[in-house]
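This briefing goes through one structure, topic by topic. Please look at the sequence and the model first.

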Amino acid sequence: MSLQFDFDKLRNFAYDTLKPNISDSTDSRVPIHLTSTTGEKLLSTITLPLENQKAAVWLSATIGFRVNSPVPSQPPSAMRFRIWRGQPDTGTLVYSTTDSGQGGDSFGSVSRTTNLNHIDIIKTPCKSVTYTLTVEAFDIVSISIIGPITFTAAEIEL
Amino acid sequence: MFNTFIIQFDKLIHFVFDKLNPNISNSTDPRVPIVLAPDSGPKLLSAIEVPIEKKESIVWLSATIGTFVEDSINPSRLIFTILRGNPNTGNIVFSTADSGQGGPTYRTSTFTHVDQIKNYPSSKVTYYLTVQAVDNSENINIIGPISFNGAEIKK
């Protein structure tokens, strides 16, 4: 008689969301107000347990924000989203992307949704890995992170 | 002859999805275009039924929608909502807003959410994806693609 352990390719899953995870959420973590001088702001942190010595970590995130500029012709407002393995600055930058929204008008402000996807390959054996999602605005008048915020990490067996 | 006992550790329990056929911009699927006229209410984009096996589980939801804003000097806001149980009266588990500006503007909106379910009174749960246009002076068309999927993951 033999015993066989059969594992899924999906080994672990970690996630973080606002509660409720909606536009203009009442979660105390939002709104996060951004200007050109507010620097890098923390959006979410998740820690994923790891089973395998080598693994692919599938990271995804969704962030809802509003451009508060009252002038439609205002230059596009840009934001850089970053995912750090570990903490910002001391960790390793594994992903970044830049997205823009343009100003609003008398009808109201512009709302946008940004979605991120990345695969991080872990080659060094460790029991868990922490990822930090941040945002930094530049060349803007005013942007508010209003929700939703979703951040997920899935360990996939290589 | 050997007997083999297989012990399975499944993390991904179910995966369901819905998409247009073909799932492309300006798809010929009869479900599109969906025309969102000014001051119109929420419209159903997709529904998926996820079997629930455990008393406590998490459902990883994601969606992608392609839109076309005919003409909009003003920002035209689209509010996407995921409801659990009923497309009108169900619990709102997720919502987000995306805008198109200028005319014409093509926009692709993608988003994810994780819904945590405890002691759900049924062996399956249906998620409804809806969209409503706000502040649009002209029509906004949902032209494809539309992708909506749900993965039940064991806690």
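Which residue in S9(A) stands opposite Thr45(A)? Thr132(A) is the residue of S9(A) that stands opposite Thr45(A). This is a predicted model, in which local features need pLDDT of at least 70 and side-chain atom pairs count only at pLDDT 80 or more, while totals for chains, interfaces and linings use all residues. Residues are numbered from 1 along each chain as its sequence is written, and chains are lettered from A and ligands numbered from 1 in the order in which they are written.

**Chain A as a whole**
- Chain A has 0 helices and 10 strands; helices (H or I, at least four residues) and strands (E, at least two) are DSSP runs, numbered from the N terminus.
- Read from the N terminus, the elements of chain A are β-β-β-β-β-β-β-β-β-β.
- The C-alpha atoms of chain A fill a box of roughly 75 × 30 × 25 Å along the principal axes.
- Chain A has 158 residues, and 41% of them count as buried (20 or more other C-beta atoms within 10 Å of the residue's own, with C-beta atoms placed from the backbone).
- For contacts in chain A between residues at least 6 apart in sequence, 82% join residues at least 24 apart; a contact means that the C-beta atoms, placed from the backbone, lie within 7 Å.

**The open sheet in chain A**
- In chain A, 4 strands form an open sheet in the order S4-S9-S6-S7, with antiparallel pairing; two strands pair if DSSP finds at least two bridges between them.
- Its edge strands, each pairing on one side only, are S4 (41-49) and S7 (92-101) of chain A.
- S4(A) pairs with S9 (residues 128-138) of chain A in the antiparallel sense over 8 bridges.

**The open sheet in chain B**
- Chain B has an open sheet of 4 strands in the order S4-S9-S6-S7, and the pairing is antiparallel.
- The edge strands here are S4 (43-51) and S7 (91-100) of chain B.
- S6 (residues 76-84) and S9 (residues 124-134) of chain B are joined in the antiparallel sense over 8 bridges.
- Leu83(B) has Tyr128(B) in S9(B) as its bridge partner.

**Where the chains meet**
- 33 residues of chain A are in contact with 33 residues of chain B.
- S1(A) gives the largest share of the side of chain A that touches chain B, 6 residues.
- That side of chain A has 12 nonpolar, 16 polar and 5 charged residues; Ala, Val, Leu, Ile, Met, Phe, Trp, Tyr, Cys and Pro count as nonpolar, Asp, Glu, Lys and Arg as charged, and the others, Gly among them, as polar.

Methods
Two residues are in contact if their C-beta atoms, placed from the backbone, lie within 7 Å. A residue is buried if 20 or more other C-beta atoms lie within 10 Å of its own, exposed if 12 or fewer, and partly exposed in between; C-beta atoms are placed from the backbone.
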